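This briefing concerns the structure shown below.

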Amino acid sequence: MPRLTDATDIPDVVPALNLANIHHGYGEVSILRDFNLSMAPGQQRLLIGPSGSGKSTLINLICGFLRPDRGTIRVAGKLISEGSEATRDAVRKAHIAVVFQALRLVSAIDISANLLLAARLAGLRSSRQEALGLLTELGIADKAHARPHQLSHGEAQRAAIARALIAQPALLIADEPTSALDQTNAENVGAMLLRLAEAHGTSLLIATHDDRLRPFFPAVTELKSTVEGSAQ
Amino acid sequence: MIRLVLAYLAERKLTTALNILLLAISVGMLILLLQSTRQLEERFLDGAENIDLVVGAKGSPLQLVLSSVYHLDQPTGNIPRTALAELRGNPMVSSAIPLALGDNFRGFRIVGTEPALVDLYAAELAAGRGFAQSAEVVIGAEVAAATGAALGQLFIGSHGFAEDGGEQGHDATPFVVVGILAPTGKPVDRLILTSMESVWDVHGIEHSDTEGSGSQHGHSEAGQSQAADDMEHHSSDADITAILVSYRSPAAAVRLPASINRDTALQAASPARESTRLLTLFEPAIEALSLLGLLLGGAGAFAIFVTLWNAVRAREGDLALLRVMGANRASIFGTVLLEGVIIALLSALAGLLFAHGLLWFASQSYRSVAEAGISPFRFYPEEVWIVAGAVMVGMVAALLPAWHVTRNNLAPILDRN
Ligand SMILES: Nc1ncnc2c1ncn2[C@@H]1O[C@H](COP(=O)(O)OP(=O)(O)O)[C@@H](O)[C@H]1O
Ligand SMILES: [Mg+2]
């Protein structure tokens, strides 16, 4: 069941995502300074900021691929900013799914195989029917046996979203989902992501520089461009 | 994950096929070499187990051994019957068995001899009894299988050692099959055994009827047919072709052949020595071919390496994605390794099939291959090692690409849009 209440209001609910006092930089260049963010289960949030402001860096931190210089990150209550690679891998595997700007469907296999692979990697035994159900929900059931290159960009994006959802993540992250789209399509994708996240009870974090998405989201976090950085 | 690996392989069918081809040729070649050397070795060493010495007409010792022990070449000529009695009188000799060659039935040699020859090859009767009367024959297992001859079957032999037009059979005296030998894997499998007298009878009758017809016999090898023709012309004198000798003691090996070669008009040749000499003749060629096989294997490994190296670089995005979706480094490493192993495994299987298929084809198409006793369905434990070696090669070739992708820092890859 999706819960739309803010985690900060009810302290005993485990947040889907919690970043506390994050500091991170590359070498001398500081990207994030004392950054804080908390998302209740099922909450949807827009992470907005200009290019180079550190959105992708933040996603890499949340996924456990980067470790913050300071601060802690928890996903569904599990610490992912520290510990061995194996434990960080396990948290990511169990709770996070990402939709990339480049979609990254595996071109060697068809769409339904892409979905099943994702489910398998998330440790789920999803059936073909479940995959087909998701594709139907996204209106691309007829593409189940198509190869990624046979899909239009819009269809491929839906397939990538379906692939993220089949992993039943606590936290769904989308990186720049609308950058290649015109106004109407951008709004459609924003609305679709919101609707699906709600239907599947997953928290949704969209990282974007696209102001067109702003009206759809009640919760928005702004990332300022890194002032300390050299000319950006 | 296996499905994904197979999909990757299928996605670049041509490259995969090329990789497999290269390694398969190497595997096939090594197996072919192993098979042919092993089978020849076995054939030659087993075939001559109980025969210490062959005594026959002067000529090439190898030819004498090949013709009278392995029944592959033409005989060197004939020797007088008195030689048999002389050898039997020699205290160094425990047994001496005469052979009279010259005819064949559908390419299987008819050998005039004594029943003791069967023991020399450690063969046993599968059916019927030994030959006793003139014109009675015992046939080897392969003869029975190939001709379908059963006990009581009548047939007429033809001149020479190769199957020819079939018009030149002896007019009279059909042979009758009274015994069939169990398979031994030795030359006797391909022989038709009868008494010396049977052979002499056949030729005695034939020579009185069609004197001077020797030139029509149509032997394929003109040069070598001379000996066989000679024998036919002289067979009315009841000559013998060769004598197979077993020693009473090993000490005879030193003195008997030397004294025969020095003191008589006969030739003595040791099957063991001649077959070893024959096999050593092949050694440099076998070594060169083995080296070529190994080089091809190396080239195959390098091709797999290059293919996988390029593949993982083109696939960095996919692999990073797999990590994001929950795969750990070990399983990413495993997928690349698995890809190399699958290529190698397919290559090994293809090579195995190729080698045995070629042996099968050769034994079907070339009589000489079948006569040399090469069977396509024999397997040696070394083949498992060759297959395992090929799989190792695939694994080693995949090691570096696999390691390369796992040590990749994923964050910058995820950034790349
Ligand atoms: N691996 C890295 N090494 C050094 N600097 C980096 C690296 N990744 C990103 N940066 C820098 O960090 C800043 C933030 O980048 P990024 O997180 O990709 O921002 P966004 O996704 O918001 O465009 C940029 O100035 C970028 O040049
Ligand atoms: Mg970015």
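A:E176 is buried, with a relative accessible area of 11%; buried means under 20% relative accessible area, exposed over 50% and partly exposed in between (1.4 Å probe, protein chains only). The model is predicted: local features need pLDDT of at least 70 and side-chain atom pairs count only at pLDDT 80 or more, whereas totals for chains, interfaces and linings use all residues. Residues are numbered from 1 along each chain as its sequence is written, chains are lettered from A and ligands numbered from 1 in the order in which they are written, and side-chain values use heavy atoms, with hydrogens and water left out.

**Backbone in chain A**

- A:E176 is found in the loop between β7 (171-175) and α6 (183-200) of chain A; helices (H or I, at least four residues) and strands (E, at least two) are DSSP runs, numbered from the N terminus.
- Although A:E176 is not a glycine, its phi is positive, at about 45 degrees.
- A:L103 likewise is not a glycine and has a positive phi of about 65 degrees.
- The loop between β6 (96-99) and α3 (111-121) of chain A holds A:L103, which is buried at a relative accessible area of 7%.

**Salt bridges**

- Over all chains, the whole structure contains 17 salt bridges, each defined as a side-chain nitrogen of Lys or Arg within 4 Å of a carboxyl oxygen of Asp or Glu.
- A:K55 and A:E176 form a salt bridge through their side chains (3.7 Å, N to O).
- This pair links distant parts of the chain, 121 residues apart, with A:K55 in helix α1 (residues 55-63) of chain A.
- A:K55 counts as buried, at 4% relative accessibility.
- In chain B, the side chains of B:R88 and B:E114 meet in a salt bridge (2.7 Å, N to O).
- B:R88 lies in helix α4 (residues 82-89) of chain B and B:E114 in the loop between β3 (108-113) and α5 (116-120), so the pair ties together parts that are 26 residues apart in sequence.
- B:R88 is partly exposed at 41%, and B:E114 is partly exposed at 24%.
- A further salt bridge joins the side chains of B:R190 and B:E142 (2.5 Å, N to O).
- A network of salt bridges links A:E85, A:D89, A:R92, B:R323 and B:R329.

**Surface patches**

- A patch of positive charge on the surface gathers A:R120, A:R125, A:R128 and B:R3.
- Patches are made of residues with over 30% relative accessible area and no salt bridge; like charges are joined within 9 Å, and nonpolar side chains (Val, Leu, Ile, Met, Phe, Trp, Tyr) within 5 Å.
- A:R128 belongs to helix α4 (residues 128-137) of chain A and is partly exposed, with a relative accessible area of 43%.
- B:L289, B:L291, B:L292 and B:L295 form a nonpolar surface patch with about 380 Å² of accessible area together.

**Chain B and B:F305**

- Chain B has 15 helices and 11 strands, and 52% of its 417 residues count as buried.
- B:F305 lies in helix α10 (residues 271-314) of chain B and is partly exposed, with a relative accessible area of 21%.
- Leaving aside neighbours within four places in sequence, B:F305 is in contact with B:A397, B:L400 and B:P401, where contact means heavy atoms within 4.5 Å.
- The C-alpha atoms of B:F305 and B:M395 are separated by 9.4 Å, with the two residues 90 apart along the chain.

How values were computed. Accessible areas come from the Shrake-Rupley method with a 1.4 Å probe; for residues, only the protein chains shown count as cover. Lys and Arg count as positive and Asp and Glu as negative; His and the chain ends are not counted. The place of a charge is taken as NZ of Lys, CZ of Arg, CG of Asp or CD of Glu.
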